[in-house]
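Subject: Structure handover

Hello,

Here is the structure I said I would pass on. My notes on what was found in it follow below.

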Amino acid sequence: MNGEMVIQTTGLSKQYKDIKALEGLNLHVAQHSIFGFLGPNGAGKSTAIKLLLGLIRPTGGQAAIFGLDSVKDSIAIRQRVGYLAQDPRYYQHMTARETMRFAARFFYKGPKEAIEARIEETLTLVGLENKADRPIKGFSGGERQRLGIAQAQVNYPDLLILDEPAAALDPMGRRDVLEVMARLRKHTTIFYSTHILDDVQRVSDNVAILNHGQLVAQAPIEELLAGTTGAAYTLTVRGDGRAAQQALQGQPWVTAVSGHPNHTPSHTTLQINVNDEAAAEDQLLRLVLANRQTAVTAFGRKKYDLEEVFMQIVEGGQAK
Ligand code: ADP
């Protein structure tokens, strides 16, 4: 592999008659990342995935996977990619192990005598080792998805593409699938689509946000969550908080201090926006506690919710 980019698209577009499903997508997915491809239903996520896999042809632009062309080299690409479709179908009477054997017949390229061991290993990786010999018809939604991931993983792919792997699951099923994805990360690069913000926040390190066929943001998740306004801290003090507010206002690294009503009337919570996190972490508490009358009951960095960021980006229409 020529370095670090597993997926690289330039101006990738797909138009169905008069519907622009995907417009000018420029995507960069680095090796060993776990990349969340986020967008509401109809945003164009599945279309992009099918283009990456060479299952459909672009009407504009191109996609390179491992530096190979998605149209010309789709067979070579698919030998190195594991793919889980949005709604995987199984033969219900077959057991998990039989299903894996079935997949291995098509995809497994290793030595024949190692197949059974690889199946066992892959089922263990997704936490299905105890259910290996049960028929799939008794499996929960989460177990089915994990089996799908095991199938996609059997041939040691360099890239796993998962289309909405957790969308239809209950909270426990989702948690299990997300855990499996986090675990697989050391073996491969994972690119997965979702419309659920919380999933992205829980497992991705990079995220791209798609809306109406267009990329509206692409960044490491920490960067997106840091927001455009810089970091913020919250501080809860006993009393009305005026002394703390005075101590902080006027510091060169403080951009705003605001008081928030508190559910315990005897306490006040302040939000402090800063433009220099190192200075804030060194000095903020010290400055406040220099006043011996002030008692601090809570202090923390305000975590931005991806939902807030998503709404800001999508509604504000601002591209990054
Ligand atoms: P997502 O996966 O984000 O839900 P899709 O990629 O499935 O979005 O769809 C993007 C847009 O393209 C939608 O408006 C959808 O109706 C349209 N679309 C998808 N597949 C086809 C197709 N085969 N023919 C016509 N329109 C399609």
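To begin with the surface: Y91, F102, F106 and F107 make up a nonpolar patch there, and together they have about 440 Å² of accessible area. Patches consist of residues with over 30% relative accessible area and no salt bridge, where like charges are joined within 9 Å and nonpolar side chains (Val, Leu, Ile, Met, Phe, Trp, Tyr) within 5 Å. Accessible areas come from the Shrake-Rupley method with a 1.4 Å probe, and for residues only the protein chains shown count as cover.

This is a predicted model, in which local features need pLDDT of at least 70 and side-chain atom pairs count only at pLDDT 80 or more, while totals for chains, interfaces and linings use all residues. Residues are numbered from 1 along each chain as its sequence is written, and side-chain values use heavy atoms, with hydrogens and water left out.

Helices (H or I, at least four residues) and strands (E, at least two) are DSSP runs, numbered from the N terminus. Y91 counts as partly exposed because its relative accessibility is 48%; buried means under 20% relative accessible area, exposed over 50%, and partly exposed in between (1.4 Å probe, protein chains only).

Next, the salt bridges. Side chains of opposite charge can pair when their charged atoms come close. A salt bridge here is a side-chain nitrogen of Lys or Arg within 4 Å of a carboxyl oxygen of Asp or Glu, and a search of the whole structure finds 16 of them.

One of these joins the side chains of R80 and D158, at 2.8 Å from N to O. R80 lies in the loop between helix 2 (74-78) and strand 7, and D158 in the loop between helix 5 (141-153) and strand 8 (159-163), so this pair ties together parts that are 78 residues apart in sequence. R80 is partly exposed, with a relative accessible area of 27%, and D158 is partly exposed at 30%.

R97 and E120 form another salt bridge, with their closest N and O atoms 2.6 Å apart. Since R97 lies in helix 3 and E120 in helix 4 (residues 115-125), the pair ties together parts 23 residues apart in sequence. R97 counts as buried, at 13% relative accessibility, whereas E120 counts as partly exposed, at 31%.

The side chains of D199 and R174 also meet in a salt bridge (2.5 Å, N to O). This pair links distant parts of the chain, with D199 in helix 7 (residues 197-203) and R174 in helix 6 (residues 171-184), 25 residues apart. Both D199 and R174 are buried. A network of salt bridges links R174, D198, D199 and R202.

Last, the ligand. Which residues surround the ligand? They are Y16, I19, A21, P40, N41, G42, A43, G44, K45, S46 and T47, a residue being near a molecule if one of its heavy atoms lies within 4 Å of it. Helix 1 (45-52) and strand 2 (19-25) each supply at least two residues of this shell, and the largest share, three residues, comes from helix 1.

A backbone N or O atom of A43 lies 3.1 Å from an oxygen atom of the ligand. For G44, a backbone N or O atom lies 2.9 Å from a ligand oxygen atom. The protein covers 60% of the 560 Å² of accessible area that the ligand has on its own.

Regards

Key
Polar contact = N/O pair within 3.5 Å; in protein donor to acceptor, adjacent residues only side chain to side chain.
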